[in-house]
Amino acid sequence: MPAPREPQQRSLAWNLLLIIPFIALLWVPFYNSIEPRLWGVPFFYWYQFAWVFITSGLIVLVRRLTG
Amino acid sequence: MNWTALIIFVLLFGFITVLGFFAANWRRGDLDLLHEWGLAGRRLGTLVVWFLLGGDAYTAYTFIAVPALVFGAGAIGFFALPYTIIVYPLVFLILPRMWAVAHKHNYITAADFVQGRYGNRWLALAIALTGIIATMPYIALQLLGIEVVIGAMGVQAQGFLGDLPLIIAFVILAAFTYTSGLRAPAMIAVVKDLLIYVTVIAMVVVIPIELGGYGNLFAAVPESKLLLTSPKDGNLGQYSAYATLALGSAFALFLYPHTVTAILSSSGREVIRRNAAYLPAYSFLLGLLALTGFMALALNVNKLPEFADQFARYGTNFAVPALILHTFPSWFAGVAFAAIAIGGLVPAAIMSIAASNLFTRNIYVPFINPDRTPQQEAKNAKIVSLIVKFGALVFIIFLPLQYAIQLQLLGGIWISQTIPAVIVSLYTPWLNPWALLIGWAVGILTGTWMAASQAFQSAVVPLSLGSLTIPGYAALYALGLNFALSIVLSALLNPVRGTRGEDQTAAADYQM
């Protein structure tokens, strides 16, 4: 039977969540378009603004989970 | 001359001057010790560090240059937003380790840590020199930001009189940095940020109303500037340029000595982790600021006859000041210009402190005066901070502006080459110091050569892989080579006796 992993190690795996913003923002084809617009703002712009909040939320979450 | 704006500007400037000197008494410590003067005694809490780091990222030059780039080049200039978003996960994951080990061993600079980790003063010297040289043009560019807003208020005398306002601003800066150390920019950063938030929010609310909404704003921007150009004929075009600029700038930002200084002045590891979660508020603001470049475009401010002189003199850098003058009453223009100028003083103060910490700790002590007392060490740092600022002032007054901009571009490439030695070493002692030194040197030379191939006009260079051309940020390409060399040479050099010094740090020092 494999030994149970150290609790600290298990919680550090949550750090991997922080890779998501890198993928979302560094893969340009995801967002280099005008449509869909939001309140007249092209997708290219509001998508990147949205990631400010998502990234901030992810960091808050990971901080809680890794104590 | 715009007297109303100028009077408001001078009043606000006077207020922060008083604050800067008053700061010496705040959370009082013995300012004759380097960690008190240069790191505010490592006692800064979450809120103040938030303002301090924000002050670093949010400089007078950013305020002028980011919208200017969007104004001139369109969507590619927007890379500032993804760059300042992805930097915070990196701050969250990596910098608490740096804080922990620095706290344990009283390291004040990144080069201190490298010295402690590898016991190789030449590698530490390389890291320190890179930091100092990359910081100097950055300080000079803060002056440029201040110069542009002073010019915007109609102060445009020639010769010595023309430079006088800038000289006054810098004497003030030098004096309060000398007496109060890091406490001064920490305190002023709070006022500065309030002013900047008010200014940016006013701009992004008032101007779109004048234009009839955000839909109209974007409709007024030429199609070619709204999006990045798509890959075509095996050339990835602006796609790879955008992504590599964002990633490379994020790496560079937290290696700059002024960022390290702000991080190390925190009172604890949690202060940094908590800050990483809330600092994206600045990124949001920066994105809004970038949009003001489009506002300037939509309003055609460069075609307005009253600004013809200044556009001829400052180029696209005048886009934001012109927008402010065009849209707001004089008194508010004064507030906005003060925000930008004070926004230059705060990072300039932190940068000069960071550069003098590096000089004192990693050049003066190991190479010039090993038997110094702690008081001599702090005294030396204070004097160097004056020299650094004076150098920046001479730079901006006597040399063509283009030099400072090009050197700042190179500075970003150079500072990125310290990643293997500073960041990777936080996780493993495996790399060999001489291998790191060679990797660093090759990285610097390659990066500089790449920028030279673009006549120092752009840091984006085309990389050819077979039939594919990938334009990308030279800093990242050079870093790839630097990493490869550091790893291969470490494997070769590690078995050689005497290539490794003593590691003062233990695995537990990085956790806490």
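I start with two helices of chain B, α4 (residues 60-73) and α7 (residues 121-152), whose axes come within 7 Å and cross at roughly 70 degrees. Helices here are DSSP runs of H or I with at least four residues, strands are runs of E with at least two, and both are numbered from the N terminus. Axes are lines fitted to C-alpha atoms, for helices over the stretch in contact, and angles run from 0 to 180 degrees between N-to-C directions. α4(B) and α7(B) are therefore roughly perpendicular to each other. On the cut-offs, 65 to 115 degrees counts as roughly perpendicular, under 35 as roughly parallel, over 145 as roughly antiparallel, and the rest as oblique.

On the α4(B) side, the residues involved are A60(B), Y61(B), F63(B) and I64(B), and they meet L141(B), Q142(B), L144(B), G145(B), I146(B) and V148(B) of α7(B). The residues of that contact comprise 8 nonpolar, 2 polar and no charged. Contact means C-beta atoms, placed from the backbone, within 7 Å of each other. For the classes, Ala, Val, Leu, Ile, Met, Phe, Trp, Tyr, Cys and Pro are nonpolar, Asp, Glu, Lys and Arg are charged, and the others, Gly among them, are polar.

Before going on, the conventions. This is a predicted model, in which local features need pLDDT of at least 70 and side-chain atom pairs count only at pLDDT 80 or more, while totals for chains, interfaces and linings use all residues. Residues are numbered from 1 along each chain as its sequence is written, and chains are lettered from A and ligands numbered from 1 in the order in which they are written.

Next, chain A. Chain A has 3 helices and 0 strands, in the order α-α-α from the N terminus. It has 67 residues, of which 24% count as buried. Buried means 20 or more other C-beta atoms within 10 Å of the residue's own, exposed means 12 or fewer, and partly exposed is in between, with C-beta atoms placed from the backbone. Among contacts in chain A with a separation of 6 or more, 58% are between residues 24 or more positions apart.

The loop between α2 (20-26) and α3 of chain A has two points to look at. P36(A) lies in that loop, and the peptide bond from E35(A) to P36(A) is cis, with omega near -5 degrees. W39(A) is in the loop between α2 and α3 as well, and its phi is near 50 degrees, a positive value in a residue other than glycine. Is W39(A) buried or exposed? W39(A) has 8 other C-beta atoms within 10 Å, so it is exposed.

Now the interface. Chain B contributes 28 residues to the contact and chain A contributes 23. On the chain B side, α5 (80-105), α10 (214-219), α12 (237-253), α14 (269-278) and α15 (280-298) each supply at least two residues. The largest share, 8 residues, comes from α5(B). By class, the chain B side has 23 nonpolar, 4 polar and 1 charged.

Q48(A), F49(A), V52(A), T55(A) and S56(A) of α3(A) make the contact with P280(B), S283(B), F284(B) and G287(B) of α15(B). That contact has 4 nonpolar, 5 polar and no charged residues.

N300(B) has a positive phi of about 55 degrees and is not a glycine. It counts as exposed because it has 10 C-beta neighbours inside 10 Å.

Back within chain B, helix α9 (residues 183-211) has 29 residues and reaches 42 Å from its first C-alpha to its last, close to the 42 Å expected at 1.5 Å a residue. The expected span is 1.5 Å times one less than the number of residues. α9(B) has a kink of about 30 degrees centred on A189(B), where the bend is the angle between axes fitted to the seven residues ending there and the seven starting there. Just after α9(B), G212(B) takes a positive phi of about 85 degrees.

Last, S486(B), in helix α23 (residues 474-493) of chain B. S486(B) counts as buried because it has 25 C-beta neighbours inside 10 Å. Leaving aside neighbours within four places in sequence, S486(B) is in contact with P420(B), L431(B), A435(B), L436(B) and G439(B).

Conventions
Two residues are in contact if their C-beta atoms, placed from the backbone, lie within 7 Å.
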